[in-house]
Amino acid sequence: METGSPEETGTPGEELTWRGLQPALVRVRRLLVVVWMAGLALATGLLLGLLVGPAWAAFALLPLASAAWCWRLLERNWRSWRYAERADDLLICRGVLWREETVVPYGRMQLVEVTSGPIERRFGLATVQLHTAAAATDATIPGLDPAEAERLRDRLSELGEARSAGL
Amino acid sequence: MIERRLHPVTPFRRAWAPIAVLAGWAVHDPDGTQQQLARLTTTVLLLGLAVLVPVAGLYGFLSWWCTHFAVTDTELRIRTGLLFRRTAHIRLERIQAVDVSRPLLARMAGVAKLRIDVVGADDKDELAFLGEQEARALRAELLARAAGFAPETAREVGEAPAYELLRVPPRALALSLVLTGATWGSLCAALVAPTVLWLTTHNLWTVLATALPLFGAAGASSAGRFVGEFDWKVSESPDGLRIDHGLLDRTHETVPPGRVQTVRFVEPLLWRRLGWVRVELDVAGSANSVLVPVAPRPIAESVVARVLHGVTVPEELSRPPRRAGWCVPVWWRGHRLAVTDTVFATRHGLLRRSLSLVPHAKVQSVRLSQGPWQRLWRVADVHVDTGAGKTVTARLRDAQEAARLLHAQAERSRTGRRDARPDRWMTSG
């Protein structure tokens, strides 16, 4: 499950264990992209081919091309997601082109949420979401193993209680 | 637990509702209203009124009859609703601010409205109306209980003595409004747009339809603000910061200690020569945002020092690296940052400067973001999220500096909390 090697970041002397997401997340996302894009390609091809002319049906290649592009992009995006539990805060890194790094001190957590939709459940995935009093805090970790998600939830709420600070 | 009722004047407030609905309908559809009115005879009209007014009165009376409130050791309970019962329990130690407001008509009737700001609460949780004395006493009691006084003493503590920090003279307020761009901008719009429309269309109704809202906006941004911010008084008391203002509608706000999430100094271009600033603040769950409408900078800073204890406004703010000009041309010079041992301060804007201060103890989360173009120029943004739903951003910092800042800020916000005062500020504060 660990994709990143332990590495040093801003704080010296603290070994960080970065954890990545489940590979199944890429599969789910690819599946969704393929299903949607195939549907779109079929609709475009049929509509344009029947209504305008057979040559115009070539526009159906556009969704297919974008699906192929997304296929690679999704893997890169998946690789960029990682999180680390430090002594006092949770670190989440994500994004390839638009990078974002979030630090949430445990004491500020108001609520930890574990969600899992029907498709996510089918692939054995769960999402953990952290809420603080600030609405802008966007700390979501998708594509976790359900057991790991539950462990994280319990640990986070336990740590949050111990360091509770509220507003 | 003693349940109390609102002031008996309250039903009259509700009696307005059907008249307001009729007026709204008349404004919405003037032609239809005229036709309908022409068909009605005086007797029908009188009969209608004779039915409507008692029904409205009865509704007002019943909804007043069904509304109760009580103060317990830890909560304020409000029970209301005629058909759909609704009970709100407001935890006292979570109170973010208490306002006593007296609209003009209420002032004549000698009653006041009490609003309690709690994070995530509805607008409905206000007590309207209470007798003026009762509202004051209840406000003092709520704050005393929230501060952690025992229930028996809470009522006897009474109103805490207040010490006046600042009073804005009407002349300064008027001058500040004259020197604000928005006042002139809205006035110009109100004069120019209808004139142009008249010259092009010669249609009176179009001109009126545009002129009225524009004049309304111009009035609200100048005269409205003057009336609302008239006789602005900021005072300090053990139960928090008191803000009194208003010419016609008097409002009295109390912000308990330690509730302020961010403070902003706004300096419009024309005020800078006079050295004046406007101070705004953010309190979670509260709609009020102005602390001082206008004041000389040193005085405003001394007020802020009382609001956020031990905070000094940083003088020196550092600029982003020169190459940030490739990401945000010209305006990059306006983005400044300073971090002291008590606050995270950023400033933005070249003409209208706005300096935001966040005490480290109020930081909820810290984020670093970097787009592809920013990465090319090795700069990044650091966002600091606060509990009032406001995010303060230090833009265009050097990428390495931003990474260090991210971790250092998370560390500071964690340790900054340790010496913050407890929610019940009189217990061990």
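User: Two strands pair if DSSP finds at least two bridges between them. So which residue of E18(B) is the bridge partner of Glu101(A)?

Analyst: Leu368(B). This is a predicted model, where local features need pLDDT of at least 70 and side-chain atom pairs count only at 80 or more, while totals for chains, interfaces and linings use all residues. Residues are numbered from 1 along each chain as its sequence is written, with chains lettered from A and ligands numbered from 1 in written order.

User: How many bridges join E3 of chain A to E18(B)?

Analyst: Five. Strand E3 covers residues 99–105 of chain A, and the two strands run antiparallel.

User: What else does chain A have, in helices and strands?

Analyst: Four helices and six strands. From the N terminus, the order is α-α-β-β-β-β-α-β-β-α. Helices (H or I, at least four residues) and strands (E, at least two) are DSSP runs, numbered from the N terminus.

User: How many residues of chain B are in contact with chain A?

Analyst: 24 residues of chain B, against 25 of chain A. Contact puts C-beta atoms, placed from the backbone, within 7 Å.

User: Which elements of chain B supply at least two residues each there?

Analyst: Strand E18 (363–370), strand E19 (379–386) and helix H13 (399–416).

User: New topic. At what angle do H8 and H10 of chain B pack?

Analyst: About 160 degrees, with their axes 10 Å apart. H8 spans residues 170–178 and H10 residues 204–228. The helices are therefore roughly antiparallel (over 145 degrees).

User: Which residues of H8(B) make that contact?

Analyst: Leu173(B), Ala174(B) and Leu177(B). H10(B) brings Ser222(B), Arg225(B) and Phe226(B).

How values were computed:
Contact = placed C-beta atoms within 7 Å. Axes fitted to C-alpha atoms, helices over the stretch in contact; angles between N-to-C directions. Parallel < 35°, antiparallel > 145°, perpendicular 65-115°, else oblique.
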